[in-house]
Amino acid sequence: MTNIIEVKNLTKKFKELTAVNNISFQVKKGEIFAFLGPNGAGKSTTIKMLTTLLAPTSGSIYVNNYSPQENQDEVRHSFGIVFQDPSLDDDLTALENMEFHGVLYQIPKKLRKERTKELLEFVELWERKNDLVKTFSGGMKRRLEIARGLLHHPKILFLDEPTLGLDPQTRNHIWSYIKDLNKKEGITIFFTTHYMDEADQTASKIAIIDKGEIIANGTTTELKEKTKTDSLENAFIALTGHEIREETASGVDKLREQRKMWRR
Amino acid sequence: MGTIYILWLRQLKKYKRSPARMVASVGQPLLFLLALGFGFGPIFQKAGGGNYIQFLAPGIIAMSILFAAMFSGIETIWDKRFGFLKETLVAPVSRFQIMAGRTLGGATVATFQGFVVLGISMLAGFSPSFSLLPFAIILMLLISLLFTALGTAIATFVEDMQAFPLIMNFLVMPTFFLSGALFPVVGSSGAIASIAKVNPLAYGVEGLRNTLALGTTSNLAIDFLVLGLLTIVLLALGTYFFKKMEA
């Protein structure tokens, strides 16, 4: 099997802080890959480098055989992403958000319409297609973001804590959808989560990152055997320790905090 | 092309869905027009300046465009905050298209507001010369494009909303007051006249006043040139900032 993501000696430094320190890993085509780690471990920074949003300090990345530095557009065509924070336009309807995405990814109109209907039906939002996104609940927004991320039929789907703050029903629903997608369409899934049971049940491969370095890599069984524990959660704690991490908030994170205060 | 169009369409839809924004943006020009127009009118006339409303209206139109355009540009900070900007940044589209689409959308809204204010000023007694209206429309568009591009370019590297009032106070207000919108800058003391020379809005105000109030095309070529060139420079600059932007 070929690797769809290849990361070699990747490092990212922000001034004196080293967020990602010389990491290397591969994701095989069609795999469900879980990227786990405590807060501030470097998960989101890595995803941002993989998705062209951030330039690495050193090291090499290949996504779908393209470098996010040199062939940005090819890489951007290859993946869909659901960000950790919401990224929908609340003042547009569900349909308009999909339409916007479809035009940006140059999907022909007819195909765009077909897929939009198909995807919105699949995430059970077709009935609400003409409602403004600001009237949606957290779970509905998440589902819409997943549908949007799939509209251009990406080879890889990045999910950065896709189920954060969702109830168990919605989480189950989203995961069964994602697993189905992986099986039927062969889309590679790259996700992060703090829910170890999700990773345990869905991931075919797991990498654990802590303080910017990958400290373990393997299947869930391998990780449990390695740490002599009976659950992924215990394996995770055994590997990363009990200490609680402080995450330094970036400017944008602070903005989001304000937003929460500003909006009612 | 599709990218620019959909970004443009998005701005228009958002504007249409926010009637409060429309009302608020017309309120201030109306206040200036009435308070200054009727307050200073007699003095202006006594000083030999002629009909003040006739002098003031083009300036107020330019003002409403300036505010609306800068505000649209600054909306990019909003998009950063609401996370939507990332959706555009990971898309396989050139950064120039992102810059151009946003600028065009904001500029269309600003020009539209300029028209609304033109209508209101006519109710307040302004009588424009309609023969040169096409030139005036081009001027309004150029002023809109220039300041939307400026606002957008600024917004690419500003992270927090607190910077917004700062930008308004230290950039927009001086630009407005020293543009000749409220009082003639040409005949005033050396300092103000030379500031007006480097103030892009001054060229817009002059052009609008010449075409709409005085019915002359003098200096029009220079006005077009200054506004047009600066817009191109700002579009290029904004594109560069979007390229450099990391989320």
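Helices (H or I, at least four residues) and strands (E, at least two) are DSSP runs, numbered from the N terminus. The structure is a predicted model, in which local features need pLDDT of at least 70, side-chain atom pairs count only at pLDDT 80 or more, and totals for chains, interfaces and linings use all residues. Residues are numbered from 1 along each chain as its sequence is written, while chains are lettered from A and ligands numbered from 1 in the order in which they are written.

**Exercise 1. Compare the span of α6 of chain B with the expected one, and state how enclosed the helix is.**

Step 1: The expected span of a helix is 1.5 Å times one less than its number of residues.
Step 2: Helix α6(B), residues 133-157, has 25 residues and reaches 37 Å from its first C-alpha to its last, which is close to the expected 36 Å.
Step 3: Because 18 of its 25 residues are buried, α6(B) is largely enclosed by the rest of the structure.

**Exercise 2. Describe how α3 and α9 of chain B pack.**

Step 1: The axes of α3(B), residues 52-81, and α9(B), residues 200-214, are 9 Å apart, and the helices pack at an angle of about 135°; axes are lines fitted to C-alpha atoms, for helices over the stretch in contact, and angles run from 0 to 180 degrees between N-to-C directions.
Step 2: Angles under 35 degrees count as roughly parallel, over 145 as roughly antiparallel, 65 to 115 as roughly perpendicular and the rest as oblique, and α3(B) and α9(B) are therefore oblique to each other.
Step 3: Residues are in contact if their C-beta atoms, placed from the backbone, lie within 7 Å; among those that meet are B:Phe55, B:Ile61 and B:Leu66 in α3(B) and B:Leu201, B:Val205 and B:Leu208 in α9(B).

**Exercise 3. Characterise the packing of α3 of chain A against α1 of chain B.**

Step 1: The axes of α3(A), residues 94-104, and α1(B), residues 2-16, come within 8 Å and cross at roughly 155°.
Step 2: That crossing makes α3(A) roughly antiparallel to α1(B).
Step 3: The contact is made by A:Phe100, A:Val103 and A:Leu104 of α3(A) together with B:Gly2, B:Thr3, B:Ile6 and B:Arg10 of α1(B).

**Exercise 4. Trace the strand pairing around β8 of chain A.**

Step 1: Two strands pair if DSSP finds at least two bridges between them.
Step 2: Strand β3(A), residues 32-36, runs parallel to β8(A), residues 205-210, and is joined to β8(A) by 4 bridges, with A:Phe33 standing opposite A:Lys205.
Step 3: Towards β9(A), residues 213-218, the pairing is antiparallel over 5 bridges, and here A:Asp210 stands opposite A:Glu213.
Step 4: β8(A) and β9(A) form a hairpin with 2 residues between them, where A:Lys211 in the turn has a positive phi of about 50°.

Methods
Buried ≥ 20, exposed ≤ 12 C-beta atoms within 10 Å, placed from the backbone. Contact = placed C-beta atoms within 7 Å.
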